[in-house]
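I opened the model to look up two things and kept short notes. The entries follow in the order I made them.

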Amino acid sequence: MQSAQFRIPASDPLATILESITEGVMTVDLDDKITTFNRAAEKMTGVPRHNVFGQRCSDVLRSSICEANCPLRETLETGEPVIARRAYIFNAAGHRIPVSISASTLRDADGKLIGGVETFRDLSVVEELRKTITVGYSFEDIISKSLSMRKLFDILPAIARSNAVVMIEGESGVGKELLARAIHNLGPNKDKPLVSVNCGALPDSLLESELFGYKAGAFTDARKDKPGRFAVAAGGTIFLDEIGDVSMAMQVRLLRVLQEKVYTPLGAVHEEPMTARVIVATHRDLEALVEQEKFRLDLYFRINVMRLTVPPLRDRREDIPLLLDHLIQKYNRLYGKRIATVSADVLTLLMHHDFPGNVRELENLIEHAFILCTGLVINTEHLPLRFIEQVAPDQAAIPQPPESFEDVERKHLISTLEKYKWHRDRTARALGIHKATLFRKIKKLGIELPEQDGRSNPAATVAKP
Amino acid sequence: MRIAISEWNEMISPVFDETGTVRLVNLDTGEIQRLPLSGLAAGARAEVLRTAGVSDLLCGAISPFALKVLTMSGIRVHAWLHGPIDRALQAFTHGDLDDPRFTMPGCQALRDNPEQGMVEET
């Protein structure tokens, strides 16, 4: 049997390696018949290997790309390896398993093509994580199918595992805090507290006592020790929102905390260790603030370790229907209603809106509609009037029939006349035409002249030629 | 009686949800037709087959959702099959489809109890 030629003997160390790796590995001959099948491949497909030798690989792997986009066929045709192609396979229990498949050619000692090797990695865990984040109840409802957000989701677990400072950028209402929460929930300290502080909301002195806490007697009315947010967040995560809004003086204190990992509560003699993971967020362009010397460069470098940018909703409009679904479900639960969907008109309006307030704005709109809607479908009349007024001009932006040349000429003449206070000599000069031509045009275009023209004599009546 | 077989290079296509073509066979007249299914989601696939008057579908792997909508459309689904279409067709007409050689490797349990896969994603 041909397949015997590249079966690896069990005594070969290569066989041990092949058996111990977690990626599924199989080799096929030029007729797509399986010749090698490692333990991970058995586990993933649920098919014992004694059942697979001599079978067509597509009948064993049952992948979504076998038919249209087979990596093995491609690599055998082009000679180029195929790397990490996403697909799903059906295992022997009938379950779909997301995988990443790679393939390359297999040659014998003489360099003759004898088949291909395919490796496949189980992405269930990654997918599960992605699903959890996307569907999102445990990660506070971050929902997106846009590519930019998916990329963000992809790197989130790795970021969560590290302890590096994370900086989240994004407009107001895009869900920066949700992202911070997701990072916290995915990280090793998820059982410890996540403490959020909006740095923009508090004046310096308050922010300081809020963050660092104080000792009894630090100031009037400080009767008892009060732990700061850094202390509350010990071992967990502290989320400093609107970091771009803190004063220069406060920036120095924060820098020290980030650099030395210690802080001193107000009125305290000893430093306290800072053990929380730090996530910061801002809707402002920190680089510009640094340039304007409103933000310290050293602090900027300190927090700009892992930078995540949440795109505004208008840059991921494909998420709007998805978010709508989610919000409708959410408010159905909340208000005990059974609203099914939004009307096509509403969807069109929403899809054309720029959402300066991002997801938060969308959510507010839907909540408003939920209160007013008594039926099963949200219609335009359920949306706030302010919103319709705002969006309707957009909708009315259907191109008007182009103006005629005369209209344009009339407008131009009137504006020039107005500019020269209806002084026809100067207007004619400005337009580079003879006064008589101007008069002719004024008559032809039916421009009405004011009672009083630009000539200094107010008594002079307008000579209508 | 009209039956449909998911088709790929004269073989039963490995995954019904992704198959580009089904072969329609009228068992009474012997007439053969091909229906393109590329790009269609499970619901649309079921609708195409139902409209075509298909009573039975022979296919390879199938998602629980596709199985559900097909069954709900009144189509009997014989899934987890593999091999050359001609032989499967012959076996179907002779009532021999249960022969293990038509069963995809490792999928005997699913052939015996197609509902087994349904626990997923429902």
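Entry 1. I took helices (H or I, at least four residues) and strands (E, at least two) as DSSP runs, numbered from the N terminus. The model is predicted, so I kept local features at pLDDT of at least 70 and side-chain atom pairs at pLDDT 80 or more, while totals for chains, interfaces and linings use all residues. Residues are numbered from 1 along each chain as its sequence is written, chains are lettered from A in the order in which they are written, and side-chain values use heavy atoms, without hydrogens and water.

Entry 2. I looked at helix α2 of chain B, residues 64–72. Its buried residues (under 20% relative accessible area, 1.4 Å probe, protein chains only) are B:Pro64, B:Ala66, B:Leu67, B:Val69 and B:Leu70. They pack against α1 (42–51), β5 (54–58) and β6 (76–78) of chain B. After α2(B) comes B:Gly74, with a positive phi near 85°.

Entry 3. I turned to the two chains. Contact (heavy atoms within 4.5 Å) joins 21 residues of chain A to 29 residues of chain B.

Entry 4. I asked which elements of chain A give two or more residues to the side that touches chain B. They are α3 (57–61), α4 (66–69) and β3 (82–90) of chain A. The largest share, three residues, comes from α3(A).

Conventions: Buried means under 20% relative accessible area, exposed over 50%, partly exposed in between (1.4 Å probe, protein chains only).
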